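Subject: Model handover and notes

Hello,

Please find the model below. My notes on it follow.

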Amino acid sequence: MAIISPSDCVLHANGFSGTFFHENATTATSSTSRGSSIVASLSCPERPLLPTILFVECSGVDFTNEPPRILRTAEDTILFSVPIGGPSRPHASSSPCEYDYYIYRIGDVPTLQLLPPPLDNFIDEDAGLLRYGDDEFMVAALIATNKLDLYELHRFDSRTGEWSQVVVPLVEPQVSFPFRVTMNSLRLTYHLTSIVINIGGEGGRMGCVDLWRGILVCDVLDGKPEVRGVPLPLPVDLLTCNNGWGDEIGGCASPLRGIAVVDQCLRFVHLEAILSPASSTTLPTYSSDSDEEIAVPLPPDPVMSDWVIHTWSNSKMTASWKDWVEDCRIRASHTTIPSKVKSKMLNSGLLSPEGANPVRALQNLMVSYPAPGTDDGVVYLLARLRFQDPKAFMIALDTRQNLLVGSAEFATEKKRGAGIMYFPSNISKYVDPKARVLPISKGDAVTGDEDRYEESSLDEGTEFVEFPISKLQFSGFKFDDASVGS
């Protein structure tokens, strides 16, 4: 049975304006590009499935609509951004704000460093973070050009304290797909980076991953870096349905696919979600010409009837599809849930008690955002009771034995927001055990409410956190004709 290591954690960020929390052993301070003060601290609960939160306090910044965004982590270092307002800049995601970028390092003495503004065309999704040498770091982003065989490599090197730019050639393109690309799967024919991973090696190898398509590999520390393509396992379930025409593939693949590097080996996971339409919902609305209430039917929310996790590994990382080895394929309806974990899920409402109508079993949970953990064989998933439910749980699955090893309430959404919802990290192993739980003062400096954060080392799953979670986009899900209760 896989065991979730205490050093394995799921990371998130939250922001506050004004004085909110006390300093502790993880606290570091700096200034924004506009001269305001900014403070960062890290909470590390003793239970791995509870969120490890990067708390950011910044004077004059309203985090209500857009919290700090963690871009990448590497060892004891976090790259994150903070909105500072002002006119729009082209590298912003969809927000009309400018951003400051920071390097937060735990180390023996925590530090918080404001980076110079990135170069033009910098996009958060393209950014990677590398630790190298004795105490150096590099932020690197591979930017597409108007030529298919050329890219721009933007690099910030801590040794120089400056951004640089170099044109790099694509010396080995990704191999052609071993199937006919239909109109519904045209998204697979071009690269859009979803996430950047550290592969390792003396050259500082990074992988710019398009979770639908493949990886662009580049040794960012080389004097003359080059780019080559590595394919990813195909979403066969989405490509073979609809009488061979496939489902329409588009948008971000993160709700269905995830990747990590574990012991210099690529670990990849794909979520096959089998949905069935639920009954329509009717909400009251009002006529524009009168105060008369009118019942307006809404499109039915999808209901999960079952889901399957597929995992692969790749230690060779060449241009060959054959490098990928399928490790396992497990179905939620066949997953074993130990009695202790099941009891917690029943208490939290994730599972329905015996005899309930409708029945809510593990396979009926609306799961998304699968991510391989830093422990071999563990896959994390975000779970909700129903589509776009504001309350989110974290579950951990031992894919080797098809065994659910844990669950915990992760967050309750109070307002839609952008940013990375979570990703596994081992940063907590760099935190002194005495500083693993961040002391937070009574009262919320933003809303005036009472303390919203409770952590317990005795009962996993007692965390109640209110902060924004990005809206789910279920592009490319497969539907069946079954009717399953929510």
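Two strands are taken to pair if DSSP finds at least two bridges between them. Helices (H or I, at least four residues) and strands (E, at least two) are DSSP runs, numbered from the N terminus. This is a predicted model, in which local features need pLDDT of at least 70 and side-chain atom pairs count only at pLDDT 80 or more, while totals for chains, interfaces and linings use all residues. Residues are numbered from 1 along each chain as its sequence is written, and side-chain values use heavy atoms, with hydrogens and water left out.

The sheet

Four strands form an open sheet in the order β5-β6-β7-β8, with antiparallel pairing. The edges are β5 (69-74) and β8 (111-114); each has a single partner strand, so one side of each is left without a neighbour in the sheet. From one strand to the next, the twist averages 20° (axes are lines fitted to C-alpha atoms, for helices over the stretch in contact, and angles run from 0 to 180 degrees between N-to-C directions).

β5 pairs with strand β6 (residues 77-83) in the antiparallel sense over five bridges, and alanine 74 stands opposite threonine 77 in β6. The hairpin of β5 and β6 has two residues between the strands, and glutamate 75 takes a positive phi near 55° there. Five of the six residues of β5 are buried (buried means under 20% relative accessible area, exposed over 50%, partly exposed in between, with a 1.4 Å probe and protein chains only). Tyrosine 102 has leucine 114 in β8 as its bridge partner.

Salt bridges

How many salt bridges does a search of the whole structure find? The search gives 12, a salt bridge being a side-chain nitrogen of Lys or Arg within 4 Å of a carboxyl oxygen of Asp or Glu.

One of them joins glutamate 98 and arginine 34 (3.8 Å, N to O). Glutamate 98 lies in the loop between β6 and β7 and arginine 34 in the loop between β2 (28-31) and β3 (37-42), so the pair ties together parts that are 64 residues apart in sequence. Glutamate 98 is buried, at 17% relative accessible area.

Another pairs arginine 105 with aspartate 135, with the closest N and O atoms 2.5 Å apart. Because arginine 105 is in strand β7 and aspartate 135 is in the loop between β9 (127-132) and β10 (136-144), this pair ties together parts that are 30 residues apart in sequence. Arginine 105 is buried at 13%, whereas aspartate 135 is partly exposed at 48%.

Arginine 329 and glutamate 326 also form a salt bridge, the closest N and O atoms being 3.3 Å apart. Here arginine 329 is exposed at 57% and glutamate 326 is partly exposed at 37%. Salt bridges that share partners join Asp76, Arg105, Arg131 and Asp135 into one network.

Other residues

Threonine 311 sits in strand β21 (residues 302-314) and is buried, with 7% relative accessible area. Lysine 342, in helix α2 (residues 339-348), is partly exposed at 40%.

For disulfides (a pair of cysteine sulfur atoms within 2.5 Å), the count is zero.

Regards
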